[in-house]
Amino acid sequence: FSIQMFTYSTQTIFATYNPPTISSATSSGVYIAPEKPDHLQVLAPGEIASPGKSQYGYINGNPITAPFGKNNSPADRTAGIAFKVTVNACDKYYNPVSTNPTVSITTDDQYDDETGFTKPLVKGTTTFTLKLLTAKISHSSATAGGYTKDFTGNINVIADRTSASAGSNQHIQILLPGETPVPGKPPYSPVNGTQSYYGSGGKTG
């Protein structure tokens, strides 16, 4: 028999016989080591790493389908409330690997502040703090030279609906003819850590 294993850990091989009157047998433990670093993995809150879950594997005889390297979906987030995402270095089977590439994180929220979104991993992992501002379906991605990039699942960002008396950042918006609402747009530019005024927040025109 030719056996190919994908998940790093100590594995055993179990053999059964037909007719069942012959005893089954289990091998000694075989340690499966990760391959060389190849992929990044980025996990939002709610997503769980699943080593070995890759496009090369099978479950019950069926090819594994995306998302690879993880299970579950991101939890809903509230606009303007910070949360952390985790970035891991992995082999091509999404087994964790201890290495230290410099990683950059980006999001598809054009109004979030991405200052400090580049740093090296430490022993193959690190976290980044995100604060998405636009109430919509968003995602973030991680990149590093020589690695296959990765994306979070879709993150449902919802508006902050806590009461104004609780101290939330609630506003009343007034639109004049010719003005168009732009959710998530603050009255300043948060790019590169600056807050340069660029007009009325939440609208254009």
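A surface patch is made of residues with over 30% relative accessible area and no salt bridge, in which like charges are joined within 9 Å and nonpolar side chains (Val, Leu, Ile, Met, Phe, Trp, Tyr) within 5 Å. A salt bridge is a side-chain nitrogen of Lys or Arg within 4 Å of a carboxyl oxygen of Asp or Glu, and accessible areas come from the Shrake-Rupley method with a 1.4 Å probe, counting only the protein chains shown as cover for residues.

The model is predicted: local features need pLDDT of at least 70, side-chain atom pairs count only at pLDDT 80 or more, and totals for chains, interfaces and linings use all residues. Residues are numbered from 1 along each chain as its sequence is written, and side-chain values use heavy atoms, without hydrogens and water.

First, select Phe1, Ile3 and Ile13, which form a nonpolar surface patch with about 420 Å² of accessible area together. Ile3 lies in the segment before strand E1 (9-11); strands are DSSP runs (E, at least two residues), numbered from the N terminus.

Next, select strand E5 (residues 39-43). Five of its five residues are buried (under 20% relative accessible area), so E5 is largely enclosed by the rest of the structure. His39, Gln41 and Leu43 point one way, and Leu40 and Val42 the other. Val42 has Val87 as its bridge partner in E11.

Finally, show the open sheet of four strands, ordered E13-E12-E16-E17 with antiparallel pairing. Its edge strands are E13 (118-120) and E17 (150-151), each pairing on one side only. Two bridges join E16 (residues 140-143) to E17, where Phe151 is the partner of Ser141.

Key: Pairing = 2+ DSSP bridges. Buried < 20%, exposed > 50% of the residue type's maximum accessible area, 1.4 Å probe, protein only.
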